[in-house]
Structures are given as C-alpha cells and as structure tokens.
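I opened this model to see how the chain is put together. My notes are below, in the order I looked things up.

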Amino acid sequence: MSNKSTAFELYRYQLLPIDRFLQGNLLTGVGSVEELISRKNEFFSEAIKGTKNFSDKRHETITKKLYEEDDFFLLRIAHNRSIHRETKDFRDEVIDNWPSILVAIWNHPEKQLFAVQRRTTAFSSSEVVVKMLINAISSQLAHHHLRAIHEPLFEKQHFWSLLHQYEGKIKSVEFEIITPNMANISGSLSDDLKDFAKATNSTRNKLKLESDPEAPLHLEESNNTLQGLARISHRSPASLADCAGYRHYRSFAAEID
C-alpha cells in the first residue's frame, strides 16, 4: 500500500454469557458462569487462532496473521474488490484487485479492543470489518455460551461539548449500554444498575431521561451518575444528524428546543 498516512478506528468488544443463569452442567468445559467469565478471553483467543478465513457472504477475503503474542494479534486482511472495465476493442475485462487493511486485536481482559485501519478502497467502513470478524467466530464462542458485542469508542469530551452547546435546550437524552463484565468500565455504573442488569439477564440496556415539555433537563458535568453513563454508553456522539427536530447520534439522542 502507498498510503501517506494511516488512520485506525477503535472498537471495544464485550464477551458476555448468552445466559447468565445457565446451569454449570450445561456449560462446555467450565463449571459455572463465573468460571466462564474468568476464561472468556481464553475462549476468544482460541476462536481467533482457529479461524483461517473471516469471509462472509458479502465479503471474500484473505487473511494473513502478521504477529501474535500473548493477548495481541495483528492481521492483514485483503478484500476482493475486482475492477470491471471496458477495453478499446469493446470487451469487458476484469482486473484482480485485493486492497488490504491492518487489524490489531488486544484481547487483554481489561482492554478488549479492535483497531481497524480506515481504508474505504478496501472496506466501506471499519465497522463492517469488526462485524465480519465477530460473525466468523460467533459459532466458536456460542459453543462456550459466549456472545461478542462490539461498540465504537469515542472521546467522552464530545458528549460534554454537545451538552454545553445546547445547554438549557435539551428535553430528552437516551443512553444505550451493554452490560459490562470488565472491571475497568464496570466501575462507571452504579451498583444498583449493574445488579439490576445482571439479575434480569439483560445484555443491552436503554435509559432515557425526559423532562416536562415546558422545562429542559439539568445535565451537569459534576453529576457522577451522568459521568458514568457518558463513559460507558456504547455509541459515539461524534456523528450528528438532524431529523424531525431532534439531534441524534448513535446511542445518545437529545431532543432540542
């Protein structure tokens, strides 16, 4: 590749039990859900190592594993983007074209990150690549009663900048949260909310704050609960779009006067 600069986009993945209340004798290779959670990264690593081809119905790919040590993997993935052209003698010609990208996977229990090179000549988006990788190993994870759920990372300061920009005008805010089992992000949620999510066996949780139509929400950066929600909410506020009087971004939706 001849790219002058290379940009990577980050995604966090959570490895969650499909059913937290599954009995130990129905699990494979572990005696309890607690043991399953403690070994989740081991099973994820086995799935990545055991998969040679990450292609799906829409993407024909070739993967070369460039580096592997402990909980870190570096892959180069080429995508079949053959070029069709017409020649001067009125013939159709197909030219082989396999643009490639780099994908790093950090499978540390408290990190769990994909770093995907952004290159639209290879893939339409970096998230397409993450979905393809997760789908390719989903059956191996399901064998251990695990599910991988990804979430794009963003700089939480963008969230606060948006709130400050529309201070006094926001009528509703909605957060979407994946129930965490990583200690470094679990601490961002209140114990009551974590316990409630686990007790109800939920993996995705939505929390909506809505004021009276005649008054705005009071959203203060000093509010510890709001800080935690902003830190863990799993979609980026970076991409805004106007729609019917709302400002939307992927997990945070703010109704603005």
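The entries go from the whole chain to the sheet, the cores and then single residues.

**Ground rules**

I am working with a predicted model, where local features need pLDDT of at least 70, side-chain atom pairs count only at pLDDT 80 or more, and totals for chains, interfaces and linings use all residues. Numbering starts from 1 along each chain as its sequence is written, and side-chain values use heavy atoms, with hydrogens and water left out.

**Whole chain**

I counted seven helices and 13 strands. These are DSSP runs, numbered from the N terminus: H or I of at least four residues for helices, E of at least two for strands. Then I looked at burial, and 42% of the 257 residues count as buried. Buried means under 20% relative accessible area, exposed means over 50%, and partly exposed is in between (1.4 Å probe, protein chains only).

The accessible surface is about 14,400 Å², with 49% of that belonging to carbon and sulfur atoms. Those areas come from the Shrake-Rupley method with a 1.4 Å probe, and for residues only the protein chains shown count as cover.

Next came contacts, meaning heavy atoms within 4.5 Å. Among contacts with a separation of 6 or more, 66% are between residues 24 or more positions apart.

**The sheet**

What is the strand order in the open sheet of six strands? I read 2-3-6-7-1-8, with antiparallel pairing. Two strands pair if DSSP finds at least two bridges between them. Strand 2 (61–69) and strand 8 are the edges; each has a single partner strand, so one side of each is left without a neighbour in the sheet. From one strand to the next, the twist averages 25°.

I zoomed in on strands 2 and 3, which pair in the antiparallel sense over eight bridges. Glu69 has Phe72, in strand 3, as its bridge partner. Helix 3 packs on this sheet and touches strands 1, 2, 3, 6, 7 and 8. The direction of helix 3 makes about 170° with that of strand 8; axes are lines fitted to C-alpha atoms (for helices, over the stretch in contact), and angles run from 0 to 180 degrees between N-to-C directions.

**The cores**

Which residues touch the most other members of the largest nonpolar core? Phe44, Ile77, Val103, Ile105 and Phe114 do, out of 29 residues. By nonpolar core I mean a set of buried Ala, Val, Leu, Ile, Met, Phe, Trp, Tyr and Cys residues joined through side-chain atoms within 4.5 Å. Elements that each supply at least two residues include strand 1 (8–17), helix 2 (40–50), strand 3 (72–79) and helix 3 (126–143). Helix 3 gives the most, with seven residues.

A second, separate core has 14 residues, among them Val173, Leu219, Leu226 and Leu229.

Lys131 lies in helix 3 and is partly exposed, at 44% relative accessibility. Lys131 and Ile149 are 18 residues apart in sequence, and their C-alpha atoms are 9.1 Å apart in space.

His144 is in the loop between helix 3 and strand 8. Buried or exposed, I wondered of His144? It is buried, because its relative accessible area is 13%. Leaving aside neighbours within four places in sequence, His144 contacts Thr28, Leu36, Phe43 and Glu46.

**Salt bridges**

My search of the whole structure turned up eight salt bridges, each a side-chain nitrogen of Lys or Arg within 4 Å of a carboxyl oxygen of Asp or Glu.

- Glu9 and Arg118 meet at 3.0 Å, N to O. Glu9 is in strand 1 and Arg118 in the loop between strand 7 and helix 3, 109 residues apart. Glu9 is partly exposed at 24%, and so is Arg118 at 45%.
- Arg12 and Glu151 meet at 2.4 Å, N to O. Arg12 lies in strand 1 and Glu151 in strand 8, so this pair ties together parts 139 residues apart in sequence. Arg12 is buried at 9%, and Glu151 is buried at 1%.
- Asp89 and Arg91 meet at 2.9 Å, N to O. Asp89 is partly exposed at 41%.
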